[in-house]
Each structure stands twice: as structure tokens, then as C-alpha cells.
Amino acid sequence: QLQLVESGGDMVQPGGSLRLSCVASGFSLDYYHIGWFRQAPGKEREGISCISNRNIVSGGNSTIYADSVKGRFAVSRDRAKTTVYLQMNSLKPEDTAVYYCAAEGPFLYTAQAMCTVDPSDYDDWGQGTQVTVSS
């Protein structure tokens, strides 16, 4: 089981930006698919973005973005591979939700298919961080 800690949630005005962080304790996130999800009141958990592990067939930086955030959000890893970020720009009120990061893996040796934004594919979850977009 991987310990994940999220941070960065806040209240921002429409059009503003936030950067969420997902930090692993005890193991490098380079060997995991990392997904970002959100859940608004009364709605099911929604996949937002993911970044693939380093052993993906097509390369270690393949990413997926949901249509609702494509062009506005970007997922990345830091140099040490201990943190995965979700940069959120041009935020809208409908982006208001609790945001979660999650991990699938580890995939240490074998090349894997790229990550998904299906919550059922993920094993370990962070605690969630609240993002509120309001004027």
C-alpha cells in the first residue's frame, strides 16, 4: 500500500489557477500510474487526468485529460519523482469539488499500457483536497 498525501486545494475566483500536489511516502511515484479525480456533491467520482509510469510502451510521460479539463489542466512529475502535480488554470465554478490523487502499481520491470481515468483501476488514494471556484 502506497501512502499518498495531497495538498494545494483552496478557494479561487473564476479564471484563477491552482497547483495540486500528490506526494508519496516510501517509494518513488515514477513506477506508478498516477490519476487525478474529483467528486462534487451529489455526483460520482470523475476521472480528470493521469500520468503513466516510466515503463509505458510509448514512453514514461504519457498523459490523459478528460474533455472537461483538456487545455486547462496539466499533470507532471518532479525531477526526483516523489511528487506529481496537477496544474489547474482557467478554473470554472463547475470545477468545484474534492480532488483526489490515486496510484496504480508499482510497475517495476514490464512495460504497461498507459494510464486511465477510471477510478476502479486505482489501488491507493490520497485523502482529498477541496477546490472551490467562486466569485
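The questions below concern the chain as a whole, its core and its surface.

This is a predicted model, in which local features need pLDDT of at least 70, side-chain atom pairs count only at pLDDT 80 or more, and totals for chains, interfaces and linings use all residues. Residues are numbered from 1 along each chain as its sequence is written, and side-chain values use heavy atoms, leaving out hydrogens and water.

Q: Why is Leu-108 called partly exposed?
A: Buried means under 20% relative accessible area and exposed over 50%, with partly exposed in between (1.4 Å probe, protein chains only). Leu-108 has a relative accessible area of 33%, and is therefore partly exposed. Leu-108 is found in the loop between S9 and strand S10 (124–125); strands are DSSP runs of E with at least two residues, and helices are runs of H or I with at least four, numbered from the N terminus.

Q: What makes up the largest nonpolar core?
A: A nonpolar core is a set of buried Ala, Val, Leu, Ile, Met, Phe, Trp, Tyr and Cys residues joined through side-chain atoms within 4.5 Å. The largest has 29 residues, and Leu-29 and Trp-36 are among those that touch the most other members. Strand S3 (18–25) and strand S4 (33–39) are among the strands that each supply at least two residues of this core.

Q: Which pattern does the chain follow along the sequence?
A: The pattern is β-β-β-β-β-β-β-β-β-β-β, with zero helices and 11 strands.
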